[in-house]
Amino acid sequence: MPVARRVFDFDPRTHEPQLAPLIEALVRLPAHDARGLDRLVRRHPKHGRGLFRKSEIIAGFRALGGEARWGARERDFVARLRLRPVRTLSGVTPVTLLTRPFPCPGRCVFCPNDVRMPKSYLADEPGAQRAADNRFDPYLQTWNRLRAYREIGHPVEKVELIVLGGTWSFYPEPYQRWFVKRCLDALSDFGAGRDGRAQAGAAEPAAPGAPLDGRRLDRRAYNRRVGGALRGRAGLLHASERAGWQELAAAQRRNETAGARCVGLSVETRPDRVDAAEALRLRRLGVTKVQLGLQSLSDARLVANARGHDVAASRRAFATLRRFGFKLQAHWMANLLGATPASDVADFARLFEDPDFRPDELKLYPCMLIESAELAAYHARGQWRPYGEEQLLRVVAAGLERTPEYCRLSRVIRDFSAHDIVAGSRTANLREVAERRLRAAGRSPRDVRAREIRDRAFRPEALALRALVYPTGVGEEHFLQFETPDDRLVAFLRLALPRAPAPLPELAGSALVREVHVYGASQGLGRRDAHAPQHAGLGRRLLERAAERARAAGYADLAVISAVGTRAYYRSLGFADGPLYQHRRL
Ligand code: SF4
């Protein structure tokens, strides 16, 4: 793609005498020889001025003759040098973006108050830092992240946009449309080798000042400071931060066939902000997954922590979003104000025992004390203490063990820097430690993450298809999974057979495909590799099985909640575009 040459300031041609012998040696190096790789890079320095970066070596491979000159496939060469391969092993490349600082309707006592950031984020978190460097502009964040991925050898053709920050549903609708549109513009531009960054850049959005002091905080302080700063500057919403539905729809259509496509879009919000109108808006924006902050399934705990909504609101939000077909990621917290390790274990169990919840993905966050959170005052008065490591480990291990096969426990700790944590666990690999404990006791986690195949080899003919059927508050879920004989998960599909009334005429009589996921290192669109699960036809086979099940259950239509970048894929499998979903008659 021409974009490779445009995104680097580094010109490989001026370094050819040093770079070419290095590339030649690397092409001959056995795969997975990390030490050999380091040795060669040190042996071929850059004009005596330091060492070549891996991104520069990859640029050299492409610019100095490519596959024809080096006699090696670019993707093999890149894979050899690829940094942090784990990021794209789930099949798509994740791009995390932050919305700009903005008031939040929540007053949660555990939530940080860093007025330079959207609510609940800290300037020191890696993703937050990147967002601030890009002035929270969605175009700059997306484009620069794609560039960074590409420089270190990751494919960027299939991208999941993960939008974080405060409460998405509380941002004004014109901002929401603009934010998504600009992300899609950046993807489409990047895929076409176009750099539109010079035209990007919203009004300076951050509120001035340091994080607030949680010990002397009234609950409206963040909103007052941030809201006041925005109003004083240009009004809550700057004129440049607006887009209409038609502009968004045009950006969506352009991205359908772009070189870098949006294959998933998630936002995070509060349960009491979700109703049918909001779900409809999310679908129009192209959202496929909603991160929903439940935090607890105990009304007493929600009140103690000033969540501002009850468990009934969480129940309603889950039902609504599920009925619209969204993938659901719940956030749940341990060690909240008023909780004990025993109450946490029981509360966690309800997430899956109660059919009204049963999330598809879960983030388990142990509460940590951040200086700017109101919890600091409770801590100072001795009303809240963090669990000891052993207590926390018991809660996390119990949660891990109780997470069923259909759910992915995506995270078990927040990404705060150790120096931001005043009190609470600093163990960054809490999941790993909890897993070790479980295994030592002869038990093993069964969640999606524990079983996904990642980059292991497998034999397609040995795969078995297994269905896990479970009831939910609005119908029945069929979790169809392709597994290897040694219990590795290669692909899965979530099929919802609803019994609650359709929320839209478009979904009347429809079964719903909520997610199709095929593992394997993310590959470029249209590239084929017979050994890679993404191209072994597994997605198509799962959809056929889903159609059979839906037909047998009496549904006349199979609808899929597609992202803009997967529309062409579903069309190729016989789905026709509806206003908000794609459909196949059964
Ligand atoms: S709703 Fe979320 S972002 Fe808002 S205060 Fe509560 S935890 Fe923080």
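In which sense do strand β13 and strand β14 pair, and over how many bridges?

## The sheet

Strand β13 (residues 510-518) and strand β14 (residues 557-560) pair in the parallel sense over 4 bridges; pairing requires at least two bridges found by DSSP. Ser510 has Asp557 in β14 as its bridge partner. Strands here are DSSP runs of E with at least two residues, and helices are runs of H or I with at least four, numbered from the N terminus.

Both strands belong to an open sheet of 7 strands with mixed pairing, in the order β10-β11-β12-β13-β14-β16-β15. At its edges, β10 (464-472) and β15 (576-577) each pair on one side only.

## Basis of the model

This is a predicted model, in which local features need pLDDT of at least 70 and side-chain atom pairs count only at pLDDT 80 or more, while totals for chains, interfaces and linings use all residues. Residues are numbered from 1 along each chain as its sequence is written, and side-chain values use heavy atoms, leaving out hydrogens and water.

## An enclosed helix

Helix α4 (residues 54-63) is largely enclosed by the rest of the structure, because 9 of its 10 residues are buried. Buried means under 20% relative accessible area, with a 1.4 Å probe and protein chains only. Among the buried residues are Ile57, Ile58 and Phe61. Just after α4, Gly65 takes a positive phi of about 130 degrees.

## Around the ligand

Residues surrounding the ligand include Cys104, Lys119, Arg270 and Arg307; a residue is near a molecule if one of its heavy atoms lies within 4 Å of it.

Definitions and conventions. Buried means under 20% relative accessible area, exposed over 50%, partly exposed in between (1.4 Å probe, protein chains only).
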